[in-house]
Amino acid sequence: MGKRVLIVDDEKNMRWVLGQALSGDGYEVLEASDGTEALAIVTEQEPDVMVLDHRMPGKDGMEVLRTVRSKGMHFPIIMLTAHGNVATAVEAMKAGASEYLTKPFDLEELKLAIDKALMYSGLAAEVVRLRTELDRDYDVEGIVASDAGMLAVLDTVQRVAPTMANV
């Protein structure tokens, strides 16, 4: 199955149209009709990207955005609104939104925003992985290795070296 997209909008027709378009492009689509339902879904199964309506009854999009970020979840969130202005867009971006689109929007524009957000989050995850790999401090003089098996051996050597164990 493709990347998981959570669509959060209080308008049933909007969820249906977006769901049809995105599932047709190979995305696994989850839907929530309000902020409370969205937060329950992200707790159970974190999506790869969220498309989040700004104005909804109950918990609005900004509250959902802030809650998700406060829980340390870093998946991209694309905000949608029919009542957009520059100040609201800036507020959303500062709170951690990846993108801010105003309704009505072009479906291709949304798909592009989703693809861009997924690419960016994938690159960010790769940077974290590579930094972790580079932070490995192998103080084994004269040994240069890049093979996964040899790196595992060097990791074991690094952990055992300070002990008095015979290896």
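Predicted model: local features only at pLDDT ≥ 70, side-chain atom pairs only at ≥ 80, totals over all residues.
1. V153 lies in helix α6, residues 148–160 (helices are DSSP runs of H or I, at least four residues; strands are E, at least two). Its relative accessible area is 44%, so V153 counts as partly exposed (buried is under 20%, exposed over 50%).

2. The largest nonpolar core has 24 residues, and L6, M50, L52, V68 and M79 have the most contacts inside it. Such a core joins buried nonpolar residues through side-chain atoms within 4.5 Å. Elements supplying at least two residues each include β1 (4–8), β3 (49–53) and α3 (61–70). A second, separate core of 17 residues includes L18, L80, L101 and A117.

3. Beyond four places in sequence, M50 has among its contacts L6, V8, V64 and V68 (heavy atoms within 4.5 Å).

4. In α3, 7 of 10 residues are buried, among them G61, M62 and R69. The buried residues of α3 pack against α2, β3, β4 and α4. G72, with a positive phi near 80°, follows α3.

5. Numbering starts from 1 along each chain, and side-chain values use heavy atoms, without hydrogens or water. Local features need pLDDT of at least 70 and side-chain atom pairs 80 or more, while totals for chains, interfaces and linings use all residues.

Key: Buried < 20%, exposed > 50% of the residue type's maximum accessible area, 1.4 Å probe, protein only.
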